[in-house]
Amino acid sequence: MLKSKLLIMLSSCMIFAATAQETKNTQSGADGENNAQETKSTQSGADGENSAQEAKNLIPAGDGEDVLALRKNWGGYIKCTDTDQHSGKGAILIDRAASVMTKTFIPIDSDKTYLISGWFKSKDPEQLSRIYFDVRYYTADKKAIKPRSVQPASNVSELARAAEKGATELLVTKNKWPRAPHGILAVAFNAKEDLSDLPNLEFARIKKYTYADEGYKITLSKPLTNAYPAGSKVRLHRYRNYQGISKNRLPADKWTQVSFTIGSGASKKYQFWPGAKYIKFSLANRYSGKPKSKDAQQPQLLVDDISVTEVLKEEAAKTPVK
């Protein structure tokens, strides 16, 4: 019975696992451009095999060819469709304003550079999509690296008095911290001057920050989950945006490619975050502009040929964020 259901699901999405790879290697996209897999399959010469290996797509289920792989490797409101695709037999469909995220931890090498690319299209010309496509970093033990854990905004000072578990007020010894900080949203504990504590996942969000004669008074957004003795080293942190790209008013009459590079050969803004050993990807489908009413048509987004490939540093320098 289970086997029959699976066969029906695969048939409805036109998923042919045995031929999907071959189809992708021979068919060009709707706009006449070859995708990354075609480039890989047409390489020749003595170094063709090595080049193909270098261009290997590291992200599983970056298209709608295999419904089972899609469900295994993505979380959220995500489907496969055979009605419109950039290449191959299927594409990914997000049929509402929602965010989806990959489940697989993709290992990264701190000395390498990676090209992230994907093809996107609004399904309904009357309700275009805005997308946010970004990277999420994880430590060696697969803990999420938060935006407030990697962007120092001051030198290291220390607690002027002990902070008990559950406390919402801190007093920090004066040490040339800004009197009126802008965009500083967290205080990190057990900080080190050489920044070897980054990413510092032991931080608390700041609600209010004031300068007084006795030191810096900090009101926290939530009670502390741990206790810290007087003299504990602390540092101010700013929020750091996730690396990625956004596109508004995606056309419904053609596929649009979005790409950017991350890693050692990328621009300063797209360098790996401290301590990053793995990555995942988040994709948000949003309204292009404010919806006219609460009953307005949901934006529907088509996605295809998402890839993560290693590139040389000199190639990364020539790749614009688009």
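This tour moves through salt bridges, aromatic pairs and charges over rings. The model on your screen is predicted.

**Stop 1: salt bridges**

The structure has eight salt bridges. Start by selecting Lys121 and Asp84. Their closest N and O atoms are 2.6 Å apart, and the two form a salt bridge. Now trace the chain between them. Lys121 is in strand 6, residues 113–122. Asp84 is in the loop between strand 2 (79–81) and strand 3 (91–94). The partners are 37 residues apart, so this pair links distant parts of the chain. Are Lys121 and Asp84 buried or exposed? Both Lys121 and Asp84 are buried.

Next, select Asp95 and Arg96. They form a salt bridge too, with 3.1 Å between the closest N and O atoms. Asp95 has a relative accessible area of 17%. Buried means under 20%, so Asp95 is buried. Arg96 is at 29%, which makes it partly exposed.

Move on to Glu158 and Lys233. Their side chains meet in a salt bridge, 3.1 Å from N to O. Glu158 sits in strand 8, residues 157–158. Lys233 sits in strand 13, residues 233–238. This pair links distant parts of the chain, 75 residues apart. How exposed is each partner? Glu158 is partly exposed, at 30% relative accessible area. Lys233 is partly exposed as well, at 39%.

Salt bridges with shared partners join Lys79, Asp95 and Arg96 into one network.

**Stop 2: a loop residue**

Select Asn241. You will find Asn241 in the loop between strand 13 and strand 14 (244–247). Its relative accessibility is 58%. Exposed means over 50%, so Asn241 counts as exposed. Asn241 and Asp134 are 107 residues apart in sequence. In space, their C-alpha atoms are 9.6 Å apart.

**Stop 3: aromatic pairs**

Turn to the rings. There are 14 aromatic pairs in the structure. Select Phe105 and Tyr138. Their ring centres are 5.1 Å apart, and their planes meet at 85°. Planes over 60 degrees apart count as edge-to-face, so this pair is edge-to-face. Phe105 is partly exposed, with a relative accessible area of 25%. Tyr138 is buried, at 9%.

Phe133 and Phe260 form an edge-to-face pair, 6.1 Å centre to centre, with 75° between the planes. Phe133 and Phe260 are both buried.

Now select five residues at once: Tyr114, Tyr137, Tyr242, Phe272 and Trp273. Together they form one aromatic cluster.

**Stop 4: charges over rings**

What sits over the ring of Tyr242? The charged end of Arg136 does, 3.8 Å from the ring centre.

Finish with Lys142 and Tyr278. The charged end of Lys142 sits over the Tyr278 ring, 5.3 Å from its centre.

How values were computed: Residues numbered from 1 in each chain as written. Predicted model: local features only at pLDDT ≥ 70, side-chain atom pairs only at ≥ 80, totals over all residues. Heavy atoms only, no water. Salt bridge = Lys/Arg side-chain N within 4 Å of Asp/Glu carboxyl O. Helix = DSSP H or I, 4+ residues; strand = E, 2+ residues; numbered from the N terminus. Buried < 20%, exposed > 50% of the residue type's maximum accessible area, 1.4 Å probe, protein only. Phe/Tyr/Trp six-rings, centres within 6.5 Å; stacked < 30°, edge-to-face > 60°. Lys NZ or Arg CZ within 6 Å of the ring centre and 35° of its normal.
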